[in-house]
Amino acid sequence: MDDIRISRRGVIRTSAGAAIGMSLFGVPAMRSVSADHGPIRIVFIQGVIGDNFYITMDCGAQAKAAELGNITVETQGPEQFDQTLQTPILNAVIQTKPDAIMMAPNDVKGMIAPIQAAIDAGIPVLCVDTSIDSDIQIADVSTDNAEGGRLAARGLAEALGGKGKVMVINTKPGISTTDARGAGFKEEIANYPDIVFVGEEFCDNDANKAAAIVSAKLQSDPDLNGIFGTNLFSAQGAAAGVREQGKTGAVKIVGFDAGPQQVQDLKTEVVDMLIAQHPGEIGEVAVQLIHDYLSSGKPLDPKEYVTGATIITRENLDTDEAKQALYVADCSEYTLTGAAPSPAATPSA
Ligand code: T6T
C-alpha cells in the first residue's frame, strides 16, 4: 500500500507499504488569535444528531470559539440524515438571524435552495463535511473523501492479498462525502484484476439496515470476502452483519470513521482498518474561517479547505496518534488541535 499524504498543495505518494498506522493528511499549524471583533453568534447545523463524528466536530468548533473569544456556537441538527428534516431546522435558524451558519447539508441538490434563503437573508453559510452542488457558500471544509475512498480500496485489497470479492455499503445517494468515497473506492478497486467488485448497496445511514443487507448478501454470495463501509453507520452495520453470519475474520472490512463501536469492532477483529477523519479540525477551521470572514469583510480565498485523516489498525491502535484520532462522546475528552485552514489541492498542484 502507498504511503499517502495530502499536503496543502495536493496528493503526495511516497514509498509503498507504510500507510497502515500513519497519519495521512492535514498538517496542523498554529493560527494567531485576534480579539478585535465584536460578538459573533454562529449556529452549527449538524448532518444528523447523536453521531460521534459531528459531536467531535462540535467540540472542535466550541474549543476554537473559546480560544478566539467573544464567539458563541449553538448546535442542533436533524434526527436523521434527511433534507426534509434539515430544511425546517435551517429555516427556523434563519429567523433568529445569526451572524453565520456552519452546516453539513444533507443533500447536494436539495439543500441549495434552503441555503440560498439564508444567504438572501444576509447570513453567510459555510459548509462543513458535506457540501452542495453550488458555490453560494462562503467556503467548504472537509476531508478529501475521494482520496479516502481510494485509500479504503487499497487497504481492503491489501487485507485480501489482492484477491477476492468485495462490495460497498453506502449511506444514500446525494450525500457529497459518501458519494465521493464510494466513487473513489470503485475507481481504485478496478486496478486489482483478481478482485471482483459485486456492487454498492445503500442503507439509508441506518446501521440496522446495513447489517441486514450484509447478512443477506453473505447468504446469497458465500464467496463475498471484503466490504467497504463508507461511514460510521454503514461500517458499524457491516460489522454486525458479518458477526451475525459467523464470518468474523473470513470477511475483511474497511470502514470510514472512528466511533466507539467501530473501535470495538476493530479490537474484536471484525474490522481490519478504520479511516478516521479529523472532525475536530473541521470544526476548529470552520470557526476560524467564519471569524476571518466576518472580521475582514472580504470573501475567503480560496474557498475549499481540506483536513486530515488517520489510518487506524490493531497494530497502531495504542499509539498517541491513533488515540487522538478517535471520535469523542463528549467535549470533556477533546483537546484543541490548533489546526489552521489548509487549502484543498488545486488541479495545477
Ligand atoms: O462519515 C461522517 C461524515 O463525513 C459523512 O458525511 C456522514 O457520515 C458521518 O457523519 C459518519 O456517520
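**Loops and ligand site**

A: Pro302 is in the loop that runs between helix H9 (279-296) and strand E14 (304-307). Helices (H or I, at least four residues) and strands (E, at least two) are DSSP runs, numbered from the N terminus.

Q: Before we go on, what kind of model is this?
A: This is a predicted model, where local features need pLDDT of at least 70, side-chain atom pairs count only at pLDDT 80 or more, and totals for chains, interfaces and linings use all residues. Residues are numbered from 1 along each chain as its sequence is written, and side-chain values use heavy atoms, with hydrogens and water left out.

Q: OK, what kind of peptide bond joins Asp301 and Pro302?
A: A cis one, with omega at about 0°.

Q: And where does Asn70 lie?
A: Asn70 is in the loop between H1 and strand E5 (71-76). Asn70 isn't a glycine, yet its phi is positive, about 60°.

Q: Switching to the ligand: which residues come nearest?
A: Asp51, Asp129, Thr177, Arg181 and Asp257, out of 13 residues around the ligand. A residue counts as near if one of its heavy atoms lies within 4 Å.

Q: How do the residues of that shell divide?
A: Five are nonpolar, four polar and four charged. Ala, Val, Leu, Ile, Met, Phe, Trp, Tyr, Cys and Pro count as nonpolar, Asp, Glu, Lys and Arg as charged, and the others, Gly among them, as polar.

Q: Which helices each supply at least two residues of the shell?
A: Helix H1 (52-68), helix H5 (176-189) and helix H7 (232-244). By domain, the shell draws at least three residues from each of domain 1 (8-142 + 279-306) and domain 2 (145-257); those bounds come from an automatic or database domain assignment.

Q: How far is a ligand oxygen from an N or O atom in the Asp129 side chain?
A: 2.7 Å. For the side chain of Thr177, an N or O atom is 2.7 Å from a ligand oxygen, and for Arg181 the distance is 2.7 Å.

Terms used:
Polar contact = N/O pair within 3.5 Å; in protein donor to acceptor, adjacent residues only side chain to side chain.
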